[in-house]
Amino acid sequence: MYTDPIADFLTRVRNAAAANHRVVEIPASNLKKEITKILFDQGYILSYKFESNTPQGTIKIALKYDKETKESVIRSIQRISKPGLRKYSSSTELPRILNGLGIAIVSTSKGVMTGKQAKRENVGGEVLCYVY
């Protein structure tokens with residue numbers, strides 16, 4: 001049993017990208033599904049599939065690589081708000097990642113969204129992770 005399932009999700013994706021794996025399989029949860037959808041919409045992963053072959057279900061993520069350099073599109077993916085130290089930001093204080101080149105994934109009262117969307121909708125929340 002792990003205490004931080006989001007950190008486990010991010011670590012599995014980070015390790016699979018570092019090892020040049022094409023597909024990574026992760027135990028599913030609703031929050032992980034939302035993060036996966038955001039990563040797909042922002043172009044960080046190639047595709048995803050939710051499977052319900054176990055009671056919990058799994059998420060299969062096809063990672064995306066650059067055609068010329070064969071490097072992963074995800075350069076860095078890091079957990080910000082941890083169970084021991086939660087990080088919350090108001091809509092005016094949401095961080096800009098690499099001057100707008102990366103994204104912050106934020107859990108708000110209106111659901112999980114990117115930092116830019118949260119700023120547009122004027123809602124703050126818990127900053128889950130940075131991706132660039």
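Biologist: Let's start with the two helices α1 and α2: is their crossing left-handed or right-handed?

Modeller: The crossing of α1 and α2 is right-handed. Do keep in mind that this is a predicted model. Helix α1 covers residues 5-18 and helix α2 residues 30-41; their axes come within 10 Å and cross at roughly 35 degrees. On the α1 side, Pro5, Ile6 and Phe9 make the contact, and they meet Leu31, Lys32, Ile35, Thr36 and Leu39 of α2.

Biologist: Thanks! Now to the sheet of three strands: what order do they have?

Modeller: First, the general idea: strands of a sheet pair through backbone hydrogen bonds, either parallel or antiparallel. Here the sheet is open, the order is β1-β3-β2, and the pairing is antiparallel. The edge positions belong to β1 (23-27) and β2 (45-51); each has a single partner strand, so one side of each lacks a neighbour in the sheet. On average, neighbouring strands of this sheet are turned by 20 degrees against each other, direction ignored.

Biologist: How many bridges join β1 to β3?

Modeller: Five bridges join β1 to β3 (residues 58-63), and the two run antiparallel. To find your place, look at isoleucine 26, whose bridge partner in β3 is isoleucine 59.

Biologist: And where do the helices lie relative to these strands?

Modeller: Helix α1 lies across β1 and β3, running at about 165 degrees to β1. Helix α2 also packs on the sheet, where it touches β1, β2 and β3, and its direction makes about 155 degrees with that of β2.

Biologist: Which strand does β6 pair with?

Modeller: Strand β6 (residues 103-108) pairs with β7 (residues 111-114) in the antiparallel sense, over four bridges. The two form a hairpin with two residues between them.

Biologist: Last topic, the aromatic rings. How many aromatic pairs does the structure hold?

Modeller: A pair of aromatic rings is described by the distance of the centres and the angle of the planes. This structure holds two such pairs. For phenylalanine 40 and tyrosine 48, the centres are 5.3 Å apart and the planes stand at 75 degrees, so that pair is edge-to-face. Tyrosine 48 and phenylalanine 50 form a tilted pair, with 5.1 Å centre to centre and 45 degrees between the planes. Together, the ring pairs link Phe40, Tyr48 and Phe50 into a cluster.

Biologist: What lies over the face of phenylalanine 50?

Modeller: That is lysine 33, at 5.3 Å from the ring centre. Phenylalanine 50 itself is partly exposed, with a relative accessible area of 32%.

Notes:
Residues are numbered from 1 along each chain as its sequence is written. This is a predicted model: local features need pLDDT of at least 70, side-chain atom pairs count only at pLDDT 80 or more; totals for chains, interfaces and linings use all residues. Side-chain values use heavy atoms; hydrogens and water are left out. Rings of Phe, Tyr and Trp (its six-membered ring) pair if their centres lie within 6.5 Å; planes under 30 degrees apart count as stacked, over 60 as edge-to-face and the rest as tilted. Buried means under 20% relative accessible area, exposed over 50%, partly exposed in between (1.4 Å probe, protein chains only). A charge sits over a ring if NZ of Lys or CZ of Arg is within 6 Å of the ring centre and within 35 degrees of the ring normal. Two strands pair if DSSP finds at least two bridges between them. Axes are lines fitted to C-alpha atoms, for helices over the stretch in contact, and angles run from 0 to 180 degrees between N-to-C directions. A crossing is left-handed if the near helix is turned anticlockwise from the far one by less than a right angle, and right-handed if clockwise. Contact means heavy atoms within 4.5 Å.
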